[in-house]
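Please look over the chain shown here before reading on.

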Amino acid sequence: MLDKQFLQHAITLASDNVAAGGRPFGAVVVKNGQIIATGVNQMLERHDPTAHAELLALRQAGEALNSIRLDDCTVYASGQPCPMCLAAIRMSGIKRVVYAYSNQDAEPFGLSTEAIAEALRVSPDQQSGLQFIQLKPKDETQSMLYQTWWQRHHA
């Protein structure tokens, strides 16, 4: 029963966002049966292609919990998370996502991210429309950068 209530909250956020002139996406992050963060798509308002509902909710959840790890949380989203949001969800440690509308539902309205998901299924250097170049410094600066970080955080 709680899943339906939290999902309905995400859908209501999305609906309110549409009424305010935004895109039809809302997200809720829940921990231990409590909403700890919400977000709506604000790409247009912020002129920010990363201002997706899920990402904004994850940022807010991280601040609320004072952690980048959200292992015991669930994301409820009005729409199927795009590849960028899905990657962030996985990186945060979240293992459960509940969503209402699929990419197939979004396709007729130009809101599906399935084409991006498909493109990401191949290695970056094989993706069409993307030039992907790796340039390593000759002086091993990057290796030293990673070593310094490791020493400071794992000593």
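The briefing below goes from the sheet to a helix and then to single residues.

This is a predicted model, in which local features need pLDDT of at least 70, side-chain atom pairs count only at pLDDT 80 or more, and totals for chains, interfaces and linings use all residues. Residues are numbered from 1 along each chain as its sequence is written, and side-chain values use heavy atoms, with hydrogens and water left out.

**Annotated region**

- UniProt, in an unreviewed entry, lists residues 1-114 as "domain: CMP/dCMP-type deaminase"; its positions are given in the numbering used here, feature names are shortened, and annotations may be inferred rather than shown by experiment.
- Helices (H or I, at least four residues) and strands (E, at least two) are DSSP runs, numbered from the N terminus.

**The sheet**

- Four strands form an open sheet in the order β2-β1-β3-β4, with mixed pairing; two strands pair if DSSP finds at least two bridges between them.
- β2 (34-40) and β4 are the edge strands, each with a single partner strand, so one side of each has no neighbour in the sheet.
- On average, neighbouring strands of this sheet are turned by 15° against each other, direction ignored.
- Helix α3 packs on the sheet and touches β1, β2 and β3, its direction making about 140° with that of β2; axes are lines fitted to C-alpha atoms, for helices over the stretch in contact, and angles run from 0 to 180 degrees between N-to-C directions.

**Strand β3**

- In β3 (residues 73-79), 7 of the 7 residues are buried, where buried means under 20% relative accessible area, exposed over 50%, and partly exposed in between (1.4 Å probe, protein chains only).
- β3 runs antiparallel to β1 (residues 26-31), and 5 bridges join the two; A77 of β3 stands opposite A27.
- β3 runs parallel to β4 (residues 96-101), also with 5 bridges.
- Across from β4 residues, V75 has V97 as its bridge partner, Y76 stands opposite V98, and G79 stands opposite Y101.
- T74 lies in β3 and counts as buried because its relative accessibility is 11%.
- Not counting residues up to four places away in sequence, T74 touches V28, V29, V30, I94, R96 and V98; contact means heavy atoms within 4.5 Å.

**Helix α4**

- β3, α4 (residues 83-92) and β4 make a right-handed β-α-β unit: with the strands pointing away from the viewer, the path from the first strand over the helix to the second runs clockwise.
- P83, C85, I89 and S92 are buried in α4, and the buried residues of this helix pack against α3, β3, β4 and α6.

- H52 is found in the loop between α2 (43-46) and α3 (53-65), and it counts as buried because its relative accessibility is 15%.
- Leaving aside neighbours within four places in sequence, H52 is in contact with V40, N41, M43, C82, M84 and C85.
- I116 has its place in helix α6 (residues 114-119) and counts as partly exposed because its relative accessibility is 49%.
- I116 and M84 are 32 residues apart along the chain, and their C-alpha atoms are separated by 9.4 Å.
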